[in-house]
Amino acid sequence: MPWTKRPGCGTVLSLMSMWDLANQNLRSLIPYEPGKPVDDVARELGLDPKTVIKLASNENPLGPSPKAIAAMREALAGCHIYPDGGAFHLRNALAAKLGVDRTQIILGNGSNEIIQFAYSAFATPGRHRAIASKWAFVVYKLMAQLFNVDFIETPDREFHHDLDAILAAITPDTRLIFLANPNNPTGTRIPNADLKAFLEAVPDHVAVFLDEAYQEFLLDPPDTIGWLQHHPNLTVFRTFSKAQGLAGLRIGYAVTSPETAEILQRTRQPFNVNLLAQVAALAALHDEDHINATRHITLEGRARLASLFDRLGLRHLESHGNFIMVHVRDADHVFQSLLRRGIIIRSLKSYGLPEWVRVSIGTPAEMDRFEAEFPATLPPA
Ligand SMILES: *Cc1c(COP(=O)(O)O)cnc(C)c1O
């Protein structure tokens, strides 16, 4: 109800709505639609949460690295102390592992926060533009709306980034380009040589933010960290949410030139990455067994899903991540039918792909369950 008068206030307020006071670009902002949590689904359908499986958010089905859990247990009693805002130990460890200097590393509250730093650092609202491919990770676009920055979406080539189209879209006002390699939700990748040639062709006035959230799942990842030396306008960003299984902690990082790093650091809140996330990430970084096991079940599960979709005659994209995008004709129908069976996947309707769903790779037991239930959920041809 609009309120017109507050007793005792003297002035009469005639606000129609708090929306009249809000930044007007928020009116058109479409909130990010996360995968449905297991608890919600269990509650709504009267199911035992233990029987519900979530194949919706590309999380690690093996859970967090056991080493990360142990490190967090040990750190719990120190939670009354603010975290190290400079994250000395974690940034040193990342620097050593990647062969760069600690000052080239910036941590984010999830790698999604790095996207926010990019806009804060390089795009003036109403003046500068950002570019990404159609069907690229949707957060680049959402953040552009939030920051009131013009966002150019270039046409894709069969769900792949078209790097020539991106180059052709650059104008003097362009400040940011976002690439996701591999990309989510498509799972498609950019060939290493094409990516290198692209970076050489991008003019100096554009900052390139390369999202490597699924880097660990590539069998032949490009040497993007090595390329930083020749490309001070390149920022590579990664996450602990996927291969390391720490999505709930919210931690990611960017690696870039010392100068860009200094700029990005200024956009960051002093304690943006919490204490438990820092110790867990440090432990997970060195847990090669867990990462290898994750990679192993991912590649196995992915091949298995691909052959299931082939048997059912469904078009699916060759994925380089821990998920597959598949054409099911009616995404919401399949999503709802699987939900009733206690399996949560992701409908891509909100992405503008109402005929496609995305299925994350689960454990072998979860894949058994999916394989048994999925065929019956397909809409009649
Ligand atoms: C999952 C994902 C991320 C990771 O986000 P966090 O904020 O680190 O959890 C980033 N980019 C893409 C393309 C993703 O799919």
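Biologist: What should I know about the model before I look at it?
Modeller: It is a predicted model, where local features need pLDDT of at least 70 and side-chain atom pairs count only at pLDDT 80 or more, while totals for chains, interfaces and linings use all residues. Residues are numbered from 1 along each chain as its sequence is written, and side-chain values use heavy atoms, with hydrogens and water left out.

Biologist: What is the volume of the largest pocket?
Modeller: The largest pocket has about 640 Å³. A pocket is an open set of points on a 1 Å grid over the protein atoms alone, where a 1.4 Å probe fits, with protein on both sides within 12 Å along at least five of seven lines. The volume is the space filled by probe spheres set on the points, which are joined across faces, edges and corners.

Biologist: Which residues are the closest to its centre?
Modeller: Tyr 32, Asn 112, Phe 137, Lys 242 and Arg 250, out of 34 lining residues; a lining residue has an atom within 4 Å of a point.

Biologist: Which elements give two or more residues to that lining?
Modeller: Helix H4 (111-122) and helix H5 (139-147) do, and H5 gives the most, with four residues. Helices are DSSP runs of H or I with at least four residues, strands are runs of E with at least two, and both are numbered from the N terminus.

Biologist: Which residues are around the ligand?
Modeller: They include Gly 110, Ser 111, Asn 112, Phe 137, Asp 211, Tyr 214 and Arg 250; a residue counts if one of its heavy atoms lies within 4 Å. This shell divides into three nonpolar, six polar and three charged residues. Here Ala, Val, Leu, Ile, Met, Phe, Trp, Tyr, Cys and Pro are nonpolar, Asp, Glu, Lys and Arg are charged, and the others, Gly among them, are polar.

Biologist: Changing topic, what joins Asn 184 and Pro 185?
Modeller: A cis peptide bond, with omega about 15 degrees. Another cis bond joins Asn 181 and Pro 182, where omega is about -10 degrees. Pro 182 is in the loop between strand E5 (174-180) and helix H7 (192-201), and Pro 185 lies in the loop between E5 and H7. Most peptide bonds are trans.

Biologist: What about the phi of Asn 58?
Modeller: Asn 58 is not a glycine, yet its phi is positive, about 55 degrees. Asn 58 is found in the loop between strand E1 (53-54) and helix H2 (66-75).
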